[in-house]
Amino acid sequence: MLVAYGLHAQSAVILKQQKLKRWNIPAANYSGITHVRGNVYALVSDKPRKADGASRLLFFSIEQDTLTGRIVRVEEVAWSAVLTDSTSAASPSSAEAFAKDAEGVCFYPERQTFFVTDEADQSIREFFANSEPTGRRLAVPAQFARDSIRSNRGFEALCYDASRHQFWTTTESALRADLQAGRALTLRLQSFNEHLEPALQYLYTLDAPELKAGGRFTAHGASGLCALPSGKLVVLERELRIPKGYLGGRCVCKLYAVEPVPQAEVLSKKLLCRFQTRLRLFSTAYANYEGLCPGIRLSDGRQTLLLVADSQNGAGKGPFHLRDYVRVVVLPAEE
């Protein structure tokens with residue numbers, strides 16, 4: 001199923017989401033995805049399949065049809081040991097040393113390593129593929145410290161631009177300082193150079209919320225970032241609301257393209273596509289998309305994006321539980 005966004009020929013195409021269960025992939029808290037090589041991708045999950053509550057890297061082979069971009073096969077090839085922090089004062093085997101809330105991940109080809117955001121302490125640390133820490137981390141500016149963000153609204157998004165040797169991240173929602181200054185929709189996209197030091201920073205303005213406030217749970221902000229070969233970034237704006245009775249819950253996702261140019265302070269953004277999922281009585285198609293990365297380039301040259309949803313480890317009971325989904329978006333040729 002292909003859904004064209006817009007009426008002109010050069011439109012983003014949103015493919016129908018697919019359940020990971022179709023390929024016997026167990027439920028987890030998939031919150032980030034990054035391309036490694038060929039058909040191999042790494043996903044990060046903060047509470048997968050184990051009672052220790054720790055984060056892990058999981059490796060999948062994801063095959064796409066070269067004409068349409070549709071995912072034709074997913075196979076789990078490996079999953080790592082617990083992500084630990086070698087710089088922690090605690091021993092690596094203690095609970096305090098675990099990366100407790102891993103949200104974003106990016107592959108660093110220069111060293112064949114992975115950088116992972118930990119929203120619990122606002123760190124971005126480097127790991128080998130086996131989850132052993134390298135001891136290195138991005139030098140996160142003090143303005144992004146844990147006491148500068150709202151609870152559970154820190155670093156979720158992370159990507160690496162291999163052509164420009166830059167890391168990019170942002171918080172899910174505005175920093176406390178920006179909130180106090182009346183900039184509730186302002187995010188700060190922060191880049192880091194290959195020496196892991198802070199580089200350029202840009203202001204990014206979120207769309208105003210569409211969903212009404214209140215209910216059991218709401219979220220509004222940026223949950224994913226990915227770098228395109230062109231040097232542009234794609235921002236995943238994600239808004240969700242779960243009513244007190246659960247039914248009627250919605251998740252609205254928008255993908256925006258931005259181009260970081262040195263002279264800009266506030267980035268202009270271009271809407272690529274918008275889609276939503278709902279929580280209904282006889283439907284389990286609700287999906288909370290948190291991660292994205294580039295997929296394959298189609299035979300006609302168009303770039304695809306892979307998006308992954310977090311089911312909270314299959315939250316719910318019986319037939320009424322959340323599923324893990326993947327979705328493909330095919331970008332217009334000019335992107």
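**Exercise 1.** Over the ring of which residue does the charged end of K269 sit?

*Solution.* The model is predicted: local features need pLDDT of at least 70, side-chain atom pairs count only at pLDDT 80 or more, and totals for chains, interfaces and linings use all residues. Residues are numbered from 1 along each chain as its sequence is written, and side-chain values use heavy atoms, with hydrogens and water left out.

Step 1. Apply the criterion: NZ of Lys or CZ of Arg must be within 6 Å of the ring centre and within 35 degrees of the ring normal.
Step 2. The charged end of K269 is 4.2 Å from the centre of the ring of Y256, and sits over that ring.
Step 3. R327 likewise lies over the face of F275, at 4.6 Å from the ring centre.

**Exercise 2.** Classify the aromatic pair of Y30 and F60, then the pair of Y108 and F167.

*Solution.* Step 1. Rings of Phe, Tyr and Trp (its six-membered ring) pair if their centres lie within 6.5 Å; planes under 30 degrees apart are stacked, over 60 edge-to-face, and the rest tilted. The structure holds 11 aromatic pairs.
Step 2. The ring centres of Y30 and F60 are 6.0 Å apart and the planes are at 80°, so this pair is edge-to-face.
Step 3. Y30 belongs to strand β4 (residues 30–37) and F60 to strand β6 (residues 56–64), so the pair ties together parts 30 residues apart in sequence. Strands are DSSP runs (E, at least two residues), numbered from the N terminus.
Step 4. Y108 and F167 are 5.2 Å apart centre to centre, with 45° between the planes, and form a tilted pair.
Step 5. Y108 lies in strand β8 (residues 102–108) and F167 in strand β13 (residues 166–171), so their pair ties together parts 59 residues apart in sequence.
Step 6. Ring pairs also link Y108, F115, Y160 and F167 into a cluster.

**Exercise 3.** Decide for G221 and for F282: buried or exposed?

*Solution.* Step 1. Buried means under 20% relative accessible area, exposed over 50%, and partly exposed in between (1.4 Å probe, protein chains only).
Step 2. G221, in strand β16 (residues 217–227), has a relative accessible area of 1%, so G221 is buried.
Step 3. Leaving aside neighbours within four places in sequence, G221 is in contact (heavy atoms within 4.5 Å) with E172, S173, L206, L236, E237 and R238.
Step 4. F282 is found in the loop between β19 (269–278) and β20 (289–297). Its relative accessibility is 79%, so F282 is exposed.

How values were computed
Helix = DSSP H or I, 4+ residues; strand = E, 2+ residues; numbered from the N terminus.
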